[in-house]
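Hi,

Here is the structure I promised to pass on to you. Please open it alongside this email, and my notes follow below.

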Amino acid sequence: MNPPSVFPSTSLPPLLDAVAWWSALATLGVALLLGALLLPRLPGWRRGEAWLLRAVAGLVPLGLVVLLAGQDDGLVLWLPWGWIGLVGWLACVASLIRSRRQREEKTDESNRFSGGILAWTGWAAVTLWLAVMLAPALCPSIDYDVLEYHLAIVRRVFVTGRVAPIPHVFYTAQPLLTEMLYTLAAAIEGTPWGVAPGLLLWLLVALGTLVFARLAATLRLPTPWRPWLWLLLLSHPILFKLQLDRLTDWTGVLMLLAGLWVAARTQSEATRTPLVL
């Protein structure tokens, strides 16, 4: 059961495919909207940090919403997800603009981009890493787990119009949070064969970079070390593999980072030290 795509077909290279990019961004926009409903007020949080946390927090209810919508024939493919995602982004941008105009934000040391040449070089290296990771995000999947069930469930939704386990594939009967995010990105793109799920994973890695930066600032780690510590984590064989294909474990990494960030903000200076370890 394939819904008619609202976008014209394109022969552009995947990197320039605006439809795929918007599909991934719109998925994150829906998470922003749900995160705002889940966490409407965050006293003591800077406006940008609040929206960063909402983006991560909204991923959980988003997966549940897609799963529930997938219990009705065709509903998950026909809902105007793209427009809902646009509302989420507009709410976020409007809030940030209003905050800047009202000059509510105050500069503090933890938010200054400093640390000298070592920090600048480190963040440039992180940016280069993310740019290189666009390549696997835009390439066809080759990992067994991805082909067997992570994306197979997405294609089955397009065929049947419902979210249901694939017969004889046990893994599709397990919790499918990240697969539901991939399903939503593919539904907005209008095809189960597109690159929107890969771009969504890439955006989640970029989101994790922003969360780690705030976590490191909250823990008051030496500024020059922060990008290099993150690069060390990204290049660890286990985490590196998660960035190479449409696997699902990166969502857990993102949740762990956000959880540590929230915990660090609620701890005193004396009790923050164990979090560094």
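The face of H3 turned away from its buried side carries two exposed residues, Leu 64 and Leu 68. Here buried means under 20% relative accessible area, exposed over 50%, and partly exposed in between (1.4 Å probe, protein chains only). Helix H3 covers residues 59-69, and its buried residues are Leu 59, Leu 62, Gly 63, Val 66 and Ala 69. Seen down the axis of H3, these buried residues fall within an arc of 130 degrees, so they line one face of the helix. The arc is taken from the directions from the helix axis to the C-beta atoms. Helices are DSSP runs (H or I, at least four residues), numbered from the N terminus.

A word on the basis of all this: the model is predicted, so local features need pLDDT of at least 70 and side-chain atom pairs count only at pLDDT 80 or more, while totals for chains, interfaces and linings use all residues. Residues are numbered from 1 along each chain as its sequence is written, and side-chain values use heavy atoms, with hydrogens and water left out.

Next, the aromatic rings. The structure holds seven aromatic pairs. Rings of Phe, Tyr and Trp (its six-membered ring) pair if their centres lie within 6.5 Å; planes under 30 degrees apart count as stacked, over 60 as edge-to-face and the rest as tilted. Tyr 149 and Tyr 171 are stacked, because their ring centres are 4.8 Å apart and their planes are at 20 degrees. Tyr 149 sits in helix H8 (residues 144-150), and Tyr 171 in the loop between helix H9 (152-160) and helix H10 (177-189), 22 residues apart. Tyr 149 is buried at 12% relative accessible area, whereas Tyr 171 is partly exposed at 41%.

Phe 212 and Trp 230 form a stacked pair, 4.9 Å centre to centre with 20 degrees between the planes. Phe 212 belongs to helix H11 (residues 196-218) and Trp 230 to helix H12 (residues 226-234), so this pair ties together parts 18 residues apart in sequence. Both Phe 212 and Trp 230 are buried.

Finally, have a look at Thr 178 in helix H10. Thr 178 is buried, with 4% relative accessibility. Its side chain reaches the backbone oxygen of Thr 248 at 3.3 Å. Leaving aside neighbours within four places in sequence, Thr 178 is in contact (heavy atoms within 4.5 Å) with Leu 247, Thr 248 and Thr 251.

Best wishes

How values were computed
Polar contact = N/O pair within 3.5 Å; in protein donor to acceptor, adjacent residues only side chain to side chain.
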